[in-house]
Amino acid sequence: MMHIHELTSIADQLCPMHAMVDASGRLVSVGPTLKKLRPDLNWEGKRFFRVFDMARPRWVRSMDDLLQTAGAKLHLQFRDSPQTSLKGVLVPLPQGKGALINLSFGISVLEAVRDYDLTSADFSPTDLTIEMLYLVEAKSAAMEASRQLNLRLQGAKIAAEEQAFTDTLTGLKNRRAMDHILERLIGSGTDFALMHVDLDFFKEVNDSLGHAAGDAVLQNVAKVMVECTRQTDTVARVGGDEFVMLFEGVKEPKVLEALATRLIARLEEPIPYGGRLCKVSASAGTTMSVWNTHPFEAAEILHQADLALYAAKRAGRSRHCFYEQGMQKDEQQAGALADVVQMQKR
Amino acid sequence: MHGLINRAIQAFAVSTYGAERWRDVMDLAGLGFTEFEAMLIYPDDQSNTMLAAMEQVLERPLPEILEDMGTFLVSNPQVEALRRLLRFGGVNYVEFLHSLDDLPDRARLAVADLHLPALELVEHSPGQFDLICQPGLPGYAYVMMGVLRAMGDDYGDLVILDHRGTQEGAEVISITLVETDFAEGRAFDLGAHSL
């Protein structure tokens, strides 16, 4: 028959976190790694349940109960802090001499290694803990690299979207962005006003002073439009010298009338370019969502603003008109206007 | 070649020679980008073009550059994670050497698509080893030379390394462990990694 001390020295090697208890439930000896977790504790003779608290199975209260669990998985933790949780399994010793309980950290091993400053030597060479720690670190490093890549891709995506929705010459939103916002406003049932602005005499500037002058004018126009509107309003360049503005939550026509007047006045201020002065003006037409009954299409409301703009042009330009029911682009009139515009532009 | 390898070369070049020299390398390589992404895979010829450009821009033989890179991988705080992963291989230098046989498998555990050529350690007598590096990654043996040297320092051991050329297609590095505990090694704390 093997002496208990021989068994202990074998257990120290194979399972350095074992505890040997006698039939009365007192600790006889503990493995070197378990000892390291409570270096100041005088283990020998201490009651097992004084040191450890049984979490599962819950019915285990006495040494007799404990012996009943032979072979089953035990969940326990230290009674004092840090209350590291441990897994365990019990094997009864022959002739009712007590039991050998082998313990391990289970999933708490990551904290345990740090809390108790454990090294490879504290684990049995066949224990996979070191491999697991390796894997945790390797995966964290790989995950971090992936996360960095995702962040960069996310940044690139935002920049690309920004570019896709921006008019590069003026920095205003482009047609796509305006369509997007308009759909959103209609879809959410928010009240808004839509103003369609078309520059007057822009072609003259372009023709007489060149495209660079035209670009400078457009940039100045964009600046003026942004200054005349709120941060929450949308200003988009939707064509060569055409702009659309969306005013969310605006229901008062007189607010828009004032804004249009101020805007046109500001746009008429001559813009110095290359020692010359560029003079343009603008016509504007406005409609409001509250004048329509839901559901309505973006195309309808854009068309209304277009008709209002057309009326402003026909009324002599450099002015602002609201949409009124019955407005239409008479084909003949439209043709005549186009002629007038052409003549003036020459 | 895996982005991690390309990225490691980039990190080494930027940290040792500066970002401007690295831009020169990538300009000369003409791949149309200057930054490698660690988690993407690049065609081998792109990596080879980059290495050739690096040899030209830095005006140093590639084997020398690669050996320095191996040392960088172990000793630079930027890539501390890698040094820690290598230290998991063993509690002393000899154990670490023996763990190199598992290195490709260990690498694959961490990053499934990272394939490193097989390594085989042959122990001739105590303290006298050959490391056989199978082909597959040009210059791999030179990088390993740098890694082995730096890991020697890390464990505090004195080692002599010699690249013995190619035998039957595989590169051979001879390793002589002259003295263990030659100097104070660097500490390795299992739980130092922040969770």
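These legends go with a set of close-up views of a predicted model.

Residues are numbered from 1 along each chain as its sequence is written, and chains are lettered from A, with ligands numbered from 1, in the order in which they are written. Because the model is predicted, local features need pLDDT of at least 70 and side-chain atom pairs count only at pLDDT 80 or more, while totals for chains, interfaces and linings use all residues; side-chain values use heavy atoms, leaving out hydrogens and water.

**View 1. Two helices of chain B cross.** Look for helix 1 (residues 3-17) and helix 4 (residues 62-75) of chain B, which pack at an angle of about 95° with their axes 10 Å apart. That makes the two helices of chain B, helix 1 and helix 4, roughly perpendicular. Helices (DSSP runs of H or I, at least four residues) and strands (E, at least two) are numbered from the N terminus. Axes are lines fitted to C-alpha atoms, for helices over the stretch in contact, and angles run from 0 to 180 degrees between N-to-C directions. Angles under 35 degrees count as roughly parallel, over 145 as roughly antiparallel, 65 to 115 as roughly perpendicular and the rest as oblique. From helix 1 of chain B come B:A8, B:I9, B:A11, B:F12 and B:S15, and they meet B:I65, B:D68, B:M69, B:F72 and B:L73 of helix 4 of chain B; contact means heavy atoms within 4.5 Å. The residues of this contact divide into 8 nonpolar, 1 polar and 1 charged. Here Ala, Val, Leu, Ile, Met, Phe, Trp, Tyr, Cys and Pro count as nonpolar, Asp, Glu, Lys and Arg as charged, and the others, Gly among them, as polar.

View 2. Side chains of opposite charge can pair when their charged atoms come close. In one of them, the side chains of A:R38 and A:D80 meet at 3.0 Å, N to O. A:R38 is buried, with a relative accessible area of 8%, whereas A:D80 is partly exposed at 39%. Buried means under 20% relative accessible area, exposed over 50% and partly exposed in between (1.4 Å probe, protein chains only). Another salt bridge joins A:R230 and A:D233 at 2.7 Å, N to O. A:R230 is partly exposed at 42%, and A:D233 counts as buried at 10%.

View 3. B:R83 and B:D154 form a salt bridge, their closest N and O atoms being 3.0 Å apart. B:R83 sits in helix 5 (residues 80-87) of chain B and B:D154 in helix 8 (residues 140-155) of chain B, so the pair ties together parts that are 71 residues apart in sequence. Both B:R83 and B:D154 are buried. Salt bridges that share partners join B:E80, B:R83, B:R87, B:D154 and B:R186 into one network.

**View 4. Backbone details to spot.** A cis peptide bond joins A:S81 and A:P82, with omega about -5°, and A:P82 belongs to the loop between strand 4 and strand 5 of chain A. The peptide bond from A:H294 to A:P295 is also cis, with omega near -5°. In chain B, B:E59 has a positive phi of about 55° although it is not a glycine. B:E59 is exposed, with a relative accessible area of 71%.

**View 5. Aromatic rings in pairs.** Rings of Phe, Tyr and Trp (its six-membered ring) pair if their centres lie within 6.5 Å; planes under 30 degrees apart count as stacked, over 60 as edge-to-face and the rest as tilted. The count comes to 16 aromatic pairs over all chains. The rings of B:F12 and B:Y17 have centres 6.1 Å apart and planes at 90°, so this pair is edge-to-face. B:F12 is buried at 2% relative accessible area, while B:Y17 is partly exposed at 22%. In chain A, ring pairs link A:W43, A:F48, A:F49, A:F52 and A:F78 into a cluster.

How values were computed: Salt bridge = Lys/Arg side-chain N within 4 Å of Asp/Glu carboxyl O.
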